[in-house]
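Work through the exercises below with the sequence and the coordinates open. Each task is followed by a solution in steps.

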Amino acid sequence: MSGWLITGGCGFIGSNFVRLAAARRLGPLLVLDALTYAGNLANIVDLLDGGQVSFVRGNVRDSALLAQLFARHDLSHVVHFAAESHVDRSILGPKPFLETNVDGTFALLEAARTAWNGAAGRRLFLQVSTDEVFGSLAPDEPPFDERSPYRPNSPYAASKAAADHLARAWRHTFGLPVAVANCSNNYGPWQFPEKLIPLMILNAIDGKELPVYGDGQQVRDWLHVEDHCEALLAILAGGRAGATYAIGGGDECPNLAIVSAICAEVDRQLGRPAGTADRLIRHVADRPGHDRRYAIDAAQIARELGWRPRHRLLPALPGLIRWYRDHRAWAEAIRSGEYRDYYQRQYGGRLA
Ligand code: NAD
Ligand code: DAU
């Protein structure tokens, strides 16, 4: 049976995807991950005994390793999650973003092109990308869709845009069966606590300050990670090579409203007086070049592949907060390492 190569399968979305695909007996699934600060084998380690999921530690830029993996395994699908994914880190230091997101995608496209040259049967290289490549929306603008022009604003977004352009060119010039998925902000279990929602949940539980950038009125279109993974599975099953798919929850919410909802629910779950966590909110210096609003019109994937989101952010928060409370050891292992230095560099000056 031909297998799937999942890059970045030990990160937030990748590990949720591997869990879902393994539960559906899809694959075999070969996870390639460099285990950077954001990659954690603990996210999938319980799946490695069943024989369906295997793991290789390695860099997506390593062309020799990629050639070996394609030669040894009959790989029909590539699901390319591996990336440097955090906007704030791309502002502190953009280089790893170019190395992994651009050079890494180039190496992977080349490896697939060489291996799949003339191969029979359905193959698909799924480039997992972001809505950030489209830039920022004004409050009254219609949501992004598959026809939106690329206008990346952060080093992270620019590196993902470059990778998407490579994917498109490899399809157009070499005929590689590529599809691109441009998804909005995800939330859910196993998210690295540098991102807004897990950071605010853990800080609120611990009674630590809650750093809200600027006025906190920036808007994102939130999607549960399971819904994103279902959309990717739908593309892998029935998506068109050469197509792009805009994926989003239709669930726009300003940051401050999310942080306030987290505060209220954390107080409730911990039996603290209402308003306790709210008092930890600090409006701090804004993110440079901060995109004001993202929103996605997901009508195309609904129409073509029948995909629709099943979760909504605010009703999902109580369960998510319970998940992070139940996985304290997992979070603490992360927060005691490299994360501490990052936190100091990112928030030390802002919260001083
Ligand atoms: P993440 O940072 O949690 O995980 C990234 C994973 O990639 C980690 O396991 C890391 O070890 C691995 N990795 C990094 N560099 C590597 C390299 N050079 N070689 C091999 N592995 C490497 O990221 P995430 O939030 O799970 O995002 C996954 C993908 O989805 C990214 O491509 C991101 O751009 C995209 N995306 C994320 C969101 C979101 O809201 N988080 C939304 C839309 C799209
Ligand atoms: O839109 C999809 C993108 O969503 C993905 O491509 C990225 O990989 C993912 O990180 C995410 O990017 P954002 O920059 O939108 O996510 P982040 O969680 O970093 O921030 C969400 C919003 O919250 C944003 O407006 C910045 C704000 N924020 C974030 C942090 C970490 C704060 O106000 N304070 C914070 O401490």
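**Exercise 1. The contacts of ligand 1**

Task: find how far a polar side-chain atom of Ser85 lies from an oxygen atom of ligand 1.

Solution. The distance from the polar side-chain atom of Ser85 to the ligand 1 oxygen is 2.7 Å. A polar contact is a pair of N or O atoms within 3.5 Å; within protein, one must be able to donate a hydrogen and the other to accept it, and residues adjacent in sequence count only if both atoms are side-chain atoms. This is a predicted model, in which local features need pLDDT of at least 70 and side-chain atom pairs count only at pLDDT 80 or more, while totals for chains, interfaces and linings use all residues. Residues are numbered from 1 along each chain as its sequence is written, chains are lettered from A and ligands numbered from 1 in the order in which they are written, and side-chain values use heavy atoms, with hydrogens and water left out.

Next, take Thr100: an N or O atom in its side chain is 3.0 Å from a nitrogen atom of ligand 1.

**Exercise 2. The shell around ligand 1**

Task: state how many residues surround ligand 1 and which are the closest.

Solution. Count residues with a heavy atom within 4 Å of the ligand. The count is 29, and the closest are Ile13, Asp33, Ser85, Tyr156 and Lys160. Then sort by class: 13 are nonpolar, 13 polar and three charged. Here Ala, Val, Leu, Ile, Met, Phe, Trp, Tyr, Cys and Pro count as nonpolar, Asp, Glu, Lys and Arg as charged, and the others, Gly among them, as polar. Finally, strand S5 gives the most to this shell, with three residues. Helices (H or I, at least four residues) and strands (E, at least two) are DSSP runs, numbered from the N terminus.

**Exercise 3. Ligand 2**

Task: which side chains place a polar atom close to an oxygen atom of ligand 2, and at what distance?

Solution. Asp131 has a polar side-chain atom 2.5 Å from a ligand 2 oxygen. For Tyr347 the distance is 2.6 Å, and for Arg220 it is 2.8 Å. The protein buries 95% of the 690 Å² that ligand 2 exposes when taken alone.

The shell holds 25 residues, of which Asp131, Tyr156, Arg287, His290 and Tyr347 come nearest. By class there are ten nonpolar, eight polar and seven charged residues. Strand S8 supplies the largest share, three residues.

**Exercise 4. A loop**

Task: which peptide bond is cis, and where is Pro28 placed?

Solution. The bond from Gly27 to Pro28 is cis, with omega near 10°. Pro28 is in the loop between H1 and S2.

Terms used:
Areas by Shrake-Rupley, 256 points an atom, 1.4 Å probe, with all protein chains shown as cover.
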